[in-house]
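Student: Could we go through this structure together, starting with how its chains meet?
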Amino acid sequence: MAVVKLLGTWFSPYGHRVIWALKLKGILYEYIEEDVRNKSPSLLQYNPIHKQVPVLVHGGKPICESTVILQYIDEIWPQNPLLPADPYDRAVALFWIKFADDKGLLMSKLYRGNGEEQQAAVKEWLEMLEVMEEHALIGVKKFFGGDEINMVDIAFSFVAHWLGILEDVLGLEIFKPHKFPRVSSWIQNFKSSPIIKDNLPDADKMSTFLKRGREMMLTSKSN
Amino acid sequence: MAEEVVLLDFWPSLFGMRSRIALAEKGIKYEYKEEDLRNKSALLLQMNPVHKKIPVLIHNGKPVCESLIQVQYIDEVWHDKAPLLPSDPYQKATVRFWADYIDKKIYDLGSRVWKTKGEEQATAKKEFIESLKLIEKELGDKPYFGGESFGYVDVAFIPFYSWFYDYEKCGNFSIEAECPKLIAWAKRCMQKESVAKSLPDQQKVYDFILQMKKHFGIE
């Protein structure tokens with residue numbers, strides 16, 4: 001079997017998406033940690049256009065953009081499918097994955113924002129959570145994938161783990177479980193799932209790392 | 001069972017054009033419904049409650065939203081004619097990457113070229129031209145992005161041709177001068193009936209944008 005490599009960073013939700021997909025399918029891979037402030041020649045060679053992680057390299061050929069990578073993995077290794085077989089159900093799943101991808105940018109908006117910008121970001125987060133609660137999770141019992149995690153669950157992972165960390169870093173309370181019971185229930189199910197539980201970046205380590213990063217960012221903004 | 005296909009759309013929409021082209025490529029009969037975006041129909045709000053945007057493809061009463069998802073759906077359901085996506089997973093990943101690039105970079109930069117002015121527009125124009133050159137490089141000497149045949153990236157990108165005149169007039173530059181191979185590719189695509197009947201006239205798009213700019217107070 002051709003060698004599988006994954007270039008990623010320990011804190012990124014996008015890299016973790018790929019890790020979970022590979023582990024759910026039982027695929028062995030070599031993980032390479034990238035320093036985004038000092039990008040390796042490999043990364044620049046494999047992803048010359050965006051120069052970003054994650055990048056999956058399969059038999060020497062690179063695949064970029066996490067959602068593109070996930071679909072590739074699902075097609076090459078069909079065991080434990082991550083998308084529905086029915087074309088219509090798959091179109092619905094892809095809709096929610098795109099929604100989650102677009103809203104993922106809210107992490108950065110929240111993290112980098114201050115004052116009014118931050119308030120605007122909080123408002124967008126709440127709107128997103130409402131859509132999850134009132135639309136995405138309707139009819140969902142345990143996971144978006146039914147009894148097993150699928151690509152939609154993976155796409156929304158930033159809500160399950162990274163939002164809580166950002167709240168801690170910024171001293172904000174955005175997610176109130178009683179206001180979003182379906183989201184809350186889904187988060188609990190998602191985070192207790194074995195592959196996910198054992199493969200999440202440490203919250204404390206992330207908090208410290210992000211707090212420092214934010215301090216540096218705000219200092220340089222005011223200078 | 002008789003197939004019922006409806007497309008909720010708006011004539012200058014780059015995204016709507018993609019679905020029109022895909023449906024035409026497959027020879028699918030459908031009902032085209034023009035939406036007034038200042039007065040959205042009850043049907044649109046019901047079929048796309050999350051975004052309330054066009055295009056929406058409604059197949060036997062069930063909505064599919066997001067243009068690229070619609071194109072992939074059309075390709076899968078009507079798979080016996082004019083395949084748009086490659087069958088090889090690595091090639092599929094490549095075309096999905098480029099469609100994503102078109103939406104993330106080219107679309108945003110193009111929007112900024114006609115919506116802004118001064119320094120902001122100058123920067124947008126420079127980056128827009130760079131992004132066009134990058135995708136032109138990807139095309140290379142192939143007749144289509146799909147190689148010998150018209151494919152997914154061609155469908156994703158050709159609608160932008162109907163907006164080229166608008167970008168050029170607003171940004172004061174010539175796309176043909178910067179990217180001659182792209183223009184040659186676009187003209188080749190326009191020879192296809194599915195494309196020619198799905199794209200509005202460039203002047204009509206420009207006139208529409210001028211109206212929009214006035215309406216939003218962008219000079």
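Student: How many salt bridges does the rule find across the interface of chain A and chain B?
Tutor: The rule finds four across that interface, a salt bridge being a side-chain nitrogen of Lys or Arg within 4 Å of a carboxyl oxygen of Asp or Glu. In one of them A:E75 joins B:R96, with the closest N and O atoms 3.1 Å apart. Keep in mind that this is a predicted model, where local features need pLDDT of at least 70 and side-chain atom pairs count only at pLDDT 80 or more, while totals for chains, interfaces and linings use all residues. Residues are numbered from 1 along each chain as its sequence is written, chains are lettered from A in the order in which they are written, and side-chain values use heavy atoms, without hydrogens and water.

Student: And what area do chain A and chain B bury between them?
Tutor: They bury about 2,200 Å², 71% of it on carbon and sulfur atoms, where buried area is the accessible area (1.4 Å probe) lost when two parts are put together, summed over both. On the chain A side, A:I49, A:Y88 and A:F95 lose the most area to chain B, together 28% of what that side buries.

Student: Switching to rings, how are the planes of A:F95 and A:W96 arranged?
Tutor: A:F95 and A:W96 form an edge-to-face aromatic pair, 5.0 Å centre to centre with 85° between the planes; rings of Phe, Tyr and Trp (its six-membered ring) pair if their centres lie within 6.5 Å, and planes over 60 degrees apart count as edge-to-face.

Student: Are those two buried or exposed?
Tutor: Both A:F95 and A:W96 are buried, that is, under 20% relative accessible area (1.4 Å probe, protein chains only). They also belong to one aromatic cluster whose members include A:W20, A:F99 and A:F190.

Methods. Rings of Phe, Tyr and Trp (its six-membered ring) pair if their centres lie within 6.5 Å; planes under 30 degrees apart count as stacked, over 60 as edge-to-face and the rest as tilted. Buried means under 20% relative accessible area, exposed over 50%, partly exposed in between (1.4 Å probe, protein chains only).
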